[in-house]
Amino acid sequence: MYSLSATQCATVSLLDILAGLGESQGLEYQVIAIDPQESRREKMKAVYKAIDASGKGSGRFCVASIEEGKKLSSEWTEGAGCNAVLEVGGIPILSGPIDNS
């Protein structure tokens with residue numbers, strides 16, 4: 001069984017949008033999913049792993065702690081920082097079996 005929080009649902013939706021833009025416009029995105037709690041970071045990694053390659057598009061996605069996220073943002077943008085930030089919080093909203101194959 002798994003449950004998806006609002007944050008994880010928002011991330012999956014964002015990746016789907018970016019994958020579509022990648023296909024139609026050649027967009028290569030960079031997304032850093034930051035969470036202070038290790039357990040939620042691990043869950044987000046599992047959710048990302050479960051997404052089919054076609055839903056991931058052509059870009060970079062990383063799950064990081066706050067400090068790791070700051071470092072990655074600086075490295076990936078040569079110090080410029082993020083273009084956008086999405087802050088989402090919530091409780092689990094979806095549940096069911098997960099297939100990690």
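User: Which residues of helix α4 (residues 66–76) are buried?

Analyst: The model is predicted, so local features need pLDDT of at least 70 and side-chain atom pairs count only at pLDDT 80 or more, while totals for chains, interfaces and linings use all residues. Residues are numbered from 1 along each chain as its sequence is written, and side-chain values use heavy atoms, with hydrogens and water left out. Helices (DSSP runs of H or I, at least four residues) and strands (runs of E, at least two) are numbered from the N terminus; buried means under 20% relative accessible area, exposed over 50%, and partly exposed in between, with a 1.4 Å probe and protein chains only. In α4 the buried residues are Gly69, Leu72, Ser73 and Trp76.

User: Within what arc do the buried residues of α4 fall, seen down its axis?

Analyst: The arc is that of the directions from the helix axis to the C-beta atoms. The buried residues of α4 line one face of the helix, because they fall within an arc of 100°.

User: Which residues on the other side of α4 are exposed?

Analyst: The buried residues of α4 have a cover that includes β2 and β3. On the other side of the helix, the exposed residues are Glu67, Lys70 and Lys71.

User: Which residue follows α4 with a positive phi?

Analyst: The phi angle in question is near 55°. The residue that follows α4 with this positive phi is Glu78.

User: In what order do the elements of the protein run from the N terminus on?

Analyst: The protein has 4 helices and 4 strands. From the N terminus on, their order is β-α-β-α-α-β-α-β.

User: Which residues does Thr11 touch, not counting residues up to four places away in sequence?

Analyst: Thr11 is found in helix α1 and is buried, since its relative accessible area is 11%. Contact means heavy atoms within 4.5 Å. Phe61, leaving aside its neighbours within four places in sequence, is in contact with Thr11, Leu15, Val31, Ala33, Met44, Tyr48 and Trp76. With residues up to four places away not counted, Thr11 touches Met44 and Phe61.

User: Within what arc do the buried residues of α2 fall?

Analyst: The buried residues of α2 are Arg41, Met44, Val47 and Tyr48. On the other side of the helix, Ser39 and Lys49 are exposed. The buried residues line one face of α2, because they fall within an arc of 120°.

User: How far apart are the closest N and O atoms of Glu38 and Arg41?

Analyst: Both residues lie in helix α2 (residues 38–50), 3 residues apart, about one turn of the helix. Glu38 counts as partly exposed because its relative accessibility is 42%, whereas Arg41 counts as buried because its value is 10%. They form a salt bridge (a side-chain nitrogen of Lys or Arg within 4 Å of a carboxyl oxygen of Asp or Glu). The closest N and O atoms of Glu38 and Arg41 are separated by 2.4 Å.

User: With which residue does Arg40 form a salt bridge?

Analyst: Arg40 counts as partly exposed because its relative accessibility is 39%. With the closest N and O atoms 2.9 Å apart, Arg40 forms a salt bridge with Asp35.

User: How many salt bridges does the count come to?

Analyst: Another pair is Glu42 and Lys45, whose side chains meet at 3.2 Å, N to O. These two residues also lie in helix α2, 3 residues apart. By the salt-bridge rule, the count comes to 5.

User: What percentage of the accessible surface belongs to carbon and sulfur atoms?

Analyst: Accessible areas come from the Shrake-Rupley method with a 1.4 Å probe, and for residues only the protein chains shown count as cover. Buried residues make up 31% of the 101 residues in the protein. The accessible surface comes to about 6,800 Å², and the part that belongs to carbon and sulfur atoms is 53%.
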